[in-house]
Amino acid sequence: MTRRHLGFACEGAMLAATLDAAPGTTGLVIVSGGNEVRSGAWAGQALLAAEIAAAGFPVLRFDRRGVGDSDGPNGGFRTSGPDIAAALCAFREVSPNLTRIVAFGNCDAASALMLGGGTGCDALTLSNPWTIESDDGDQAPPPEVVRAHYRQRLSDPRALIRLLTGKVSPGKLIASLRDAMGPPPPPSSLAQDMAAGLERFAGPVTILLAERDRTAQAFLAAWDKQDARLRTCPGASHSYVEATARDWLREQLLTVLRD
C-alpha cells in the first residue's frame with residue numbers, strides 16, 4: 001500500500017485529498033461528515049483507509065471546501081454535492097484502472113450522498129445518517145431516542161445509584177418519561193428529501209447504524225424499520241471507536257467492496 005497526498009479543483013477552490021493506492025478495480029471514497037477533516041476522529045478514517053487498501057482496494061479521502069486543508073467557503077453538507085463529484089473525477093484520474101466506486105459517509109456525509117442521489121457513485125454505504133432539521137442539533141429528540149437513552153441509563157448501576165440517592169431531578173425525569181411515551185413526530189423535510197434522493201439511486205445501498213448513537217436512533221425513528229438494507233452494530237458509538245465496532249465497520253465495507 002502506498003499513501004500519497006494530492007489536490008483537485010472544485011468550483012474555483014482547491015481541495016486536499018489523500019490516496020491509499022491498491023491494485024483493485026473497485027475503490028472506496030470516504031466522505032467526511034460535519035466539519036471533520038479527512039483523517040477522521042482520532043485518525044480513524046486514515047486507519048480505516050490503510051486497512052481497506054491493504055485488502056486490495058484503493059481509497060480516496062478528501063476535505064470538502066472550507067474544511068481542513070481545502071480552500072473555499074464552507075457551505076455545509078447540503079452544498080457538498082459538487083465536492084463529492086469532483087473527488088470521484090480525481091479518484092478515477094489517479095486510479096485509471098477503477099471500474100467501480102463505493103462511497104462511505106458517516107453522519108451528514110451519508111445525508112449528502114442521499115440528497116445527491118448517490119452523486120455518481122456505483123454503491124453506497126451510509127452510516128448514521130443525519131436527519132435532524134436544524135444543523136446545530138437544537139431539536140427535541142424523538143420519543144424512540146428518549147426511550148433508548150433511558151434503557152441505556154437504567155442498565156448502568158451508577159445511573160441507578162444517582163436516581164436512588166436523589167442526584168437526578170424527579171421533575172426532569174418525569175418530563176422526559178412523558179416525552180418518551182409520546183407519538184413519533186412526522187418525518188422532517190430533510191428525512192423526506194433524503195428518502196427521495198435515495199430512490200433515484202439505482203445501485204446497491206447498505207445502511208449502517210451504531211446502536212448507541214443518538215443520530216442513528218433519530219434516523220431510525222424517521223425510517224422504515226423493515227428496510228432490508230439496515231445493519232446495526234451492537235454497542236457502537238457514533239464514530240465506531242470501540243475495537244469490536246471498528247472491526248465490524250471494516251468488514252461491512254469489505255463485504256460491499258467485494259460484491
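Reader: Does Arg250 count as buried or exposed, and at what relative accessibility?

Author: The model is a predicted one. Burial is read from relative accessible area, and a residue under 20% is called buried. Arg250 has 17% relative accessibility, and therefore counts as buried.

Reader: With which residue does Arg250 form a salt bridge?

Author: A salt bridge requires a side-chain nitrogen of Lys or Arg within 4 Å of a carboxyl oxygen of Asp or Glu. Arg250 forms one with Glu51, and their closest N and O atoms are 3.5 Å apart. Because Arg250 lies in helix H9 (residues 243-258) and Glu51 in helix H1 (residues 44-54), the pair ties together parts that are 199 residues apart in sequence. Glu51 counts as partly exposed, at 29% relative accessibility.

Reader: How many salt bridges does the structure hold?

Author: There are 11 salt bridges in the structure. Another of them joins Asp227 and Arg229, whose side chains meet at 2.9 Å, N to O. Asp227 counts as buried at 13% relative accessibility, whereas Arg229 is partly exposed, with a relative accessible area of 28%. Salt bridges that share partners also make one network out of Glu51, Asp247, Arg250 and Glu251.

Reader: Which parts of the chain does the salt bridge of Asp83 and Arg65 tie together?

Author: The closest N and O atoms of Asp83 and Arg65 are 2.7 Å apart. Asp83 lies in helix H2 (residues 81-94) and Arg65 in the loop between strand S4 (59-62) and H2, so this bridge ties together parts that are 18 residues apart in sequence. Both residues are buried.

Reader: How do S1 and S2 run, and how many bridges join them?

Author: In a regular strand the side chains alternate between the two faces of the sheet. S1 and S2 run antiparallel and are joined by 9 bridges. Within this pairing, Thr2 stands opposite Ala21 in S2. The hairpin of S1 and S2 has 2 residues between the strands, and Glu11 takes a positive phi near 50 degrees there.

Reader: Which residues of the largest nonpolar core touch the most other members?

Author: That core has 43 residues, and those touching the most other members are Phe8, Val29, Leu60, Phe62, Leu124, Leu126 and Ile207. Its largest share, 6 residues, comes from H2. Leaving aside neighbours within four places in sequence, Leu60 is in contact with Leu6, Ala17, Thr18, Leu19, Leu28, Val29, Ile30, Ala87 and Phe91. A second, separate core of 22 residues includes Leu48, Ala210, Cys233 and Leu249.

Reader: With which side chain does Asn106 make a polar contact?

Author: Asn106 is placed in strand S5 and counts as buried at 13% relative accessibility. The side chain of Asn106 makes a polar contact of 3.2 Å with the side chain of Asn128. Setting aside residues up to four places away in sequence, Asn106 touches Val31, Gly33, Ser127, Asn128, His238, Ser239 and Tyr240.

Reader: Finally, how many disulfides does the structure hold?

Author: A disulfide is a covalent bond between the sulfur atoms of two cysteines. The structure holds 0 disulfides.

Conventions
Residues numbered from 1 in each chain as written. Predicted model: local features only at pLDDT ≥ 70, side-chain atom pairs only at ≥ 80, totals over all residues. Heavy atoms only, no water. Disulfide = S-S within 2.5 Å. Helix = DSSP H or I, 4+ residues; strand = E, 2+ residues; numbered from the N terminus. Buried < 20%, exposed > 50% of the residue type's maximum accessible area, 1.4 Å probe, protein only. Polar contact = N/O pair within 3.5 Å; in protein donor to acceptor, adjacent residues only side chain to side chain. Contact = heavy atoms within 4.5 Å. Pairing = 2+ DSSP bridges. Core = buried A, V, L, I, M, F, W, Y, C linked by side-chain atoms within 4.5 Å.
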